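User: Please go through the terms used for this model, and set each value against its definition.

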Amino acid sequence: MSFAELLAAALLILSALVVVRTSNAVHAALALIANFLVIAAVYVGLEARFVAMTQVIVYAGAIVVLFLFVIMLLSAAQANVGKDLLPGLQIPAILGSVALAGVLVYALGRFSAPANPGVLNGGLPQALGPLLYTPEKWLYALLLVGFLLLVATIAAVVLVEPERIVPEASKPASEEKELVGR
Amino acid sequence: MITLYILGAASTALTLLGFFVPARVSRWLATGSVAAAIASLLFTWGQRQTAFGGLYVVDPISQSFTLVALLGVLWALLIGRSEKWEFSLLLLYAAAGMHFMASSPNLPVLLIALEVFSLPLYVLATWQRDERGFEAGLKYFLLGALSAAIFLYGIALHFGATGSFNAGAQGSGPLYVAALLLILGALAFKVSLVPFHWWTPDVYQGSPTTVSLMMATAVKAAGFAALVRVLNVQDQGLWGLGLGALIALTVIFGNLGALAQQESKRLLAYSSIAHAGYVGLGLYSGTATAAIGFYLLAYLLSTGLAFAVLAAISQGDVPYERLRGLLYRKPLLGVAMSVGLFSLAGLPPFAGFWGKLLVFLEAAKAQQWGLLVLALITSAVAAYYYLRLFNLVVARGPEARAEEEAALPAPLVGAPVLAGQGTGGLSLATGRLAAWPLMVATALVVLLGILPGLGYRLFSPTPFAALSRPTTASTTLPASFTITSPSDGAELRAGEFSLQGTGRAGETLEVWDNASRIAEVRVGENGGWSLMLPSPPSVGEHIYQVRRPGEGEGPSVRVRVVE
């Protein structure tokens, strides 16, 4: 463990804790961006440069920005509103998390990685492209991801589109009110 | 292959077509596509195929589970009718995703497929835009996303432990066990095994009954397809215990939970949890594809019958009282419900009985006696709540109320139905459409109960193989075998690395290094094999070749090992 690795690990855990623990949703989203930036740096150190760039562009630059849009549009920055229906759940949750972490750390500790994973060439897109677009390699998975993005787009649109007003002879008044309400 | 093309092309095309044609036409196109996919499945039944470098395989697992899943989607399409054409489009997407899920031994592809059919389901769960619909969608989405994350982490650990992305790769050590348990937990969420079942009752109750029908049948089939592939590991160490705990909890909790219900839809949700436990018994045996396939088909028909009858009564809740005297008010609904309930309870001579028998035989072959006894006892418990419903269906009661009559589709009542109001524009199909699937399914449950061989032959080359010693299925088709990793021309550093590839399930292949035979590998049930090299390779050129025993030639890769 070099100093840089220790620093990265500490920053990762710290920012993740802020994401989970802070009661201000905007702060949480910003801490998440910090987390993503650090993990991108870790990827670079692990010879996965293209993945690191994608992590910054897509995760920090697109996804969390969407999060922030939603949080700000809903003015939902303050989390602790309403009634806590499950008081006293914090201690069991912390214990459960620690137990899970312990099991995984034990499992990973008994594991020795292969001495050398092969030549990674820094994980640049020049090396990844042939893997992704060769029919015998991962092309099928890539096409499925494309299909998944289509499905996700349509699903999101259907989920948020307002009720269409269907021309019908008799609509009950209650439904009229609902249309206005949404 | 052709099934994949039909589903992929149809769902993509319908995405754009839907804007230009009426909702009714969209529904017909979607129904036709799923029917065409089922027909293509049956035409290519029994053929094996591997494509895209082994990421897409057509084998008995893919065919049987896809068939069950597509039948479930087809049923939902036939009886559900929405003013919004996206309803049928989302169902078609889900059908495509389930086929992807059933037809890949590759874990990352399984995860993508899981998302493809989960996303439409989250939206369909909120189709009735009321409090309970939103609650169902929210719960389903949050827990589904969590389970996908668990699945992903399991895949990463699995790759770390075995060096392979293929489900069913052999491995050892705590990391491997942790990986299998994480994947098992994530998939157990999809098929709702206890304690990953908490979403099931709420989601089934909050969704429109038509959608619940599809969730309870098709989604389970897709989930079990992946489970059969992943758990196809020779030694059942810790994960076997984990699976046993899940099954024991499931059959106990599912049945006891169902006893306490006051509402039919919720009761069927708990009943579907319990049935997932019975199917899980088959996972202990490596040759259980046929038994699980038949069980899921029988379960699809019976649970589908029950849900379809509830859907015909109301898309919302159906308190027990509304079933009272159904047999005299609507003979068709009453008979269908009774047959479905008997079959779910596992009483002969209905299909459900044979399904249970076959799965129990597989569990006995794997010598899981404790679980078997537990399953038998809880089956007897289950009979109580199924027969309680049946008792209501045949009870003489007060006359049905007028609004109930109005809620029933036309062929069953003879009165026109109002378009679904307050249900997201979801109503039941009218005309003969609602009645046909009911009649066909009822007939099938009885037919498969009297002649189970008809259905079982579909899934198994030799009828009642479960009763005899397991035999290795032999196909006369030329099945290819390949090396998928490392790739041809790869440069690897000296040290241990593993070879992976595909082959015909169950056969033994020889692995050659340059001109010497270094090892034999057995291809798993999922058509994939992997081999950790027994000794680290020397520096220089290596040509790794895989051969069938006795054959001189096979696919090879040229690898350069460097310092």
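User: How many helices and strands are in chain A, and in what pattern?
Analyst: Chain A has seven helices and zero strands; along the sequence the pattern reads α-α-α-α-α-α-α. Helices are DSSP runs of H or I with at least four residues, strands runs of E with at least two, numbered from the N terminus. This is a predicted model, in which local features need pLDDT of at least 70, side-chain atom pairs count only at pLDDT 80 or more, and totals for chains, interfaces and linings use all residues. Residues are numbered from 1 along each chain as its sequence is written.

User: What share of chain A is buried?
Analyst: Of the 182 residues in chain A, 21% are buried, meaning under 20% relative accessible area with a 1.4 Å probe, protein chains only.

User: Why are α8(B) and α11(B) called oblique?
Analyst: The axes of α8 (residues 199-206) and α11 (residues 264-281) of chain B come within 8 Å and cross at roughly 140°. Under 35 degrees counts as roughly parallel, over 145 as roughly antiparallel, 65 to 115 as roughly perpendicular and the rest as oblique. The two helices, α8(B) and α11(B), are therefore oblique to each other.

User: Which residues make that contact?
Analyst: On α8(B) they are B:T200, B:P201, B:D202, B:Y204 and B:Q205, and on α11(B) B:K265, B:R266, B:A269, B:Y270, B:S272 and B:I273. Contact means heavy atoms within 4.5 Å.

User: What contacts in chain A join residues at least 24 apart?
Analyst: They make up 58% of the contacts in chain A between residues at least 6 apart in sequence.

Definitions and conventions
Chains lettered and ligands numbered in written order. Heavy atoms only, no water. Axes fitted to C-alpha atoms, helices over the stretch in contact; angles between N-to-C directions. Buried < 20%, exposed > 50% of the residue type's maximum accessible area, 1.4 Å probe, protein only.
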